[in-house]
Amino acid sequence: MATVKKSKKKVIVPICIVLVIAIIAGAIFGVVKSKSGEEVTLYTIATDDIHETVSLTGDVSSGAKKEYKVGTVATVKEVFVSVGDEVKQGDVLATFDTSSLDAQVASLQSAYDDARDSYNDAVETQKSAKEKANSINKEISKLESRINKLEKQVNKTTKAKTTTKKATTAATTAPSTTSKGQQILSSALATTTTTKPATTTTTAPSTTVDDGSPKYAVNASAYPNNLAGTVTGGGVFPQTQKTTLKATPNNGYIFFGWYTSNSAILAGEDPVSTSHTIEVSYTNKAVLNYYAVFVENSTTSGSEESTTASASVDDIVSTLKTLNDNIASITNDVQTMTALTQVVATSISNAISSGQLNSQTIAKLVGEDVTKAIHQGIVDSTKLLVEEDVAVRMIQAAVSSIDFAALAKGVADSDNAKLTGAQIQLASLYAQYEIYNTQSKDTVTDAQKRAVDASKLALDTMKEQQTALAEGWKADFDGVITAVDITPGASTTMVSSGITLENLGKMVVNVSLGEYDLHKVKLGMKATVTTAYGTYEGEVATIAPTATGGSSSSILDSVGSMAGISGLSSLTDSGAGVECTVTIDNPDENITVGFDADVEIETGVYENVTVVPIESIEMEKNGSYVYVYNEEEGTATKTLIKTGAISDTAYQVTDGLKPGDKIVATPSADYKEDTFKVKVVDSKNK
């Protein structure tokens with residue numbers, strides 16, 4: 001019997017037909033689905049009441065506990081209670097002998113009186129300084145105008161005499177302005193309260209690459225000024241590296257020696273080294289100061305061929321700053337320092353204005369004026385760090401170190417003597433102005449005011465302690481004595497315990513309010529407290545003024561400790577928060593101190609407001625959104641709304657929706673567009 005073979009082509013053709021039909025059907029289904037849109041359930045917006053609450057968990061504690069502690073040293077006279085005693089509010093617990101506190105109160109009162117008087121003096125000085133600064137500023141303006149005229153005359157004369165090279169003209173032309181000297185002086189005298197000498201510092205730039213290793217700085221300075229000599233080798237170096245300082249005197253000067261403090265120079269102490277070069281290394285100090293002292297060469301200063309350099313106005317400015325710093329080094333009292341500086345500056349100014357430029361003569365005049373000011377009470381000698389005569393000699397030494405001889409030579413050899421003299425007078429006025437201007441600022445009075453406030457607080461605190469102890473400790477409320485740690489006749493300390501009183505008939509729950517809940521919760525708000533055995537009514541009793549966190553301690557614990565109150569802490573290790581206590585109305589035996597309790601605080605009732613279910617809102621970083629249904633077009637559009645109060649199930653809507661609007665009840669997170677076609681499969685109403 002023959003076998004008939006079926007053609008494979010006949011099998012393939014039906015399969016292809018089936019696939020084509022499936023593709024066409026799928027396409028038709030997709031088109032139909034696309035036209036019908038996303039299937040959604042709608043919710044119709046309506047109004048409702050929202051009861052907004054804050055839910056918290058805390059621990060139960062006794063509602064009132066106070067620890068009576070002595071804030072100072074006193075003697076216990078009598079103790080009237082023992083552990084377990086029941087007391088009534090107002091009962092005396094203990095009495096004390098406070099006679100030992102009288103001396104402490106008197107001492108604090110004296111300190112406060114002195115601080116107050118100093119502040120009042122500073123205010124008066126500030127007022128006077130403002131007036132003097134304004135007066136001197138007017139004199140400065142007049143002198144600057146005179147200097148400008150002199151400059152023009154000098155320039156005119158110089159041009160008339162010039163018949164050779166431009167270089168010669170440049171060499172004989174007088175300074176065209178005093179602004180540079182003014183800027184330097186202002187900068188110098190702005191730091192008159194420092195104790196560093198104001199000599200010229202030559203700091204060699206450090207060539208060491210900063211590898212992050214510990215560093216130290218070496219300040220190398222020439223004394224009395226940069227006319228005398230130069231110093232090299234200063235800078236910032238690794239602590240393992242040494243540096244070599246070198247002192248080079250200028251013409252007319254010789255090197256005397258190295259010093260490490262300005263006071264040692266003025267006191268005439270021996271130098272630490274007389275070698276022109278000195279090796280310096282790190283000595284556990286972040287900054288090392290070295291001063292190269294130069295003195296005039298007596299073999300050349302008196303000869304006709306003397307090479308002593310002529311001092312410029314800028315050099316006098318620098319030496320004036322040095323002088324102010326020297327004065328600051330003999331007193332740590334701001335008012336005394338400024339009074340001394342005023343006397344010295346005025347004395348020098350008067351001498352210069354009269355044409356006196358001899359250093360020794362000016363130093364003698366200054367010494368006489370300072371002595372007179374001390375005897376007249378203008379300068380308080382009790383605020384000096386040294387004896388009166390020593391202070392005068394130190395100031396005279398500082399004044400005599402100013403190179404007025406070089407200045408006199410510069411004036412005598414110059415064609416612009418009047419101009420230079422006027423510039424010197426201007427520099428002196430600048431010095432006085434900066435002194436008074438510094439006094440007129442609030443810096444000194446602010447410091448004095450802080451001293452007054454601090455001394456007043458200490459005095460008030462001690463008086464409060466004295467009054468409290470003199471009256472004896474009294475019970476602040478009805479309760480039971482749970483601790484007694486003092487005995488009659490014994491002396492207390494500021495850290496010793498005293499008596500503890502608790503009222504176990506009242507209970508509270510200690511909770512911690514987060515940043516957002518804090519702004520909702522107010523004192524007196526009603527609350528519901530739930531424990532394992534029942535539900536109780538209560539209300540918010542206390543809210544701490546400051547947030548603390550990260551541990552069970554808090555700002556209230558610190559404040560309560562100072563006041564003798566504890567047991568208010570409610571923070572946990574979970575993070576920061578603000579302590580809040582909620583009272584429990586009518587507590588019974590089922591509530592146990594130390595156990596947890598759930599608290600629900602009603603923060604607000606919003607009646608007949610527009611609401612939206614929580615599940616209908618999409619929360620994003622830039623706001624809250626719902627999908628509003630457009631019945632005419634059959635679409636849903638993503639819409640921004642503003643929310644207000646919130647309950648467990650809904651939000652209040654303050655903008656973006658109104659009653660009657662329809663929204664997607666439970667939007668999907670997979671929507672590709674903000675507006676799309678929808679197919680309504682169900683509708684929900686409130």
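Which residues form one aromatic cluster?

Reply: In this predicted model, one aromatic cluster is formed by Tyr 68, Phe 96 and Trp 473. The count of aromatic pairs comes to nine, when ring centres within 6.5 Å are taken as a pair. A pair of aromatic rings is described by the distance of the centres and the angle of the planes, and two examples can be read in that way.

One of the pairs joins Tyr 216 and Phe 237, whose ring centres are 6.2 Å apart and whose planes meet at 50°, so this pair is tilted. Tyr 216 belongs to strand β6 (residues 215–223) and Phe 237 to strand β8 (residues 235–238), so that distant parts of the chain, 21 residues apart, are linked by the pair. Both Tyr 216 and Phe 237 are buried.

Another pair consists of Phe 255 and Phe 294, with ring centres 5.7 Å apart and planes at 65°; because an angle over 60 degrees counts as edge-to-face, the pair is given that name. Since Phe 255 lies in strand β10 (residues 253–259) and Phe 294 in strand β12 (residues 287–296), the pair ties together parts that are 39 residues apart in sequence. Phe 255 has a relative accessible area of 11% and is therefore buried, the limit being under 20%, and Phe 294, at 3% relative accessibility, counts as buried too.

A charged residue also meets a ring in this model: Lys 638 lies over the face of Tyr 625, at 4.7 Å from the ring centre.

Note on methods
Residues are numbered from 1 along each chain as its sequence is written. This is a predicted model: local features need pLDDT of at least 70, side-chain atom pairs count only at pLDDT 80 or more; totals for chains, interfaces and linings use all residues. Side-chain values use heavy atoms; hydrogens and water are left out. Rings of Phe, Tyr and Trp (its six-membered ring) pair if their centres lie within 6.5 Å; planes under 30 degrees apart count as stacked, over 60 as edge-to-face and the rest as tilted. Helices (H or I, at least four residues) and strands (E, at least two) are DSSP runs, numbered from the N terminus. Buried means under 20% relative accessible area, exposed over 50%, partly exposed in between (1.4 Å probe, protein chains only). A charge sits over a ring if NZ of Lys or CZ of Arg is within 6 Å of the ring centre and within 35 degrees of the ring normal.
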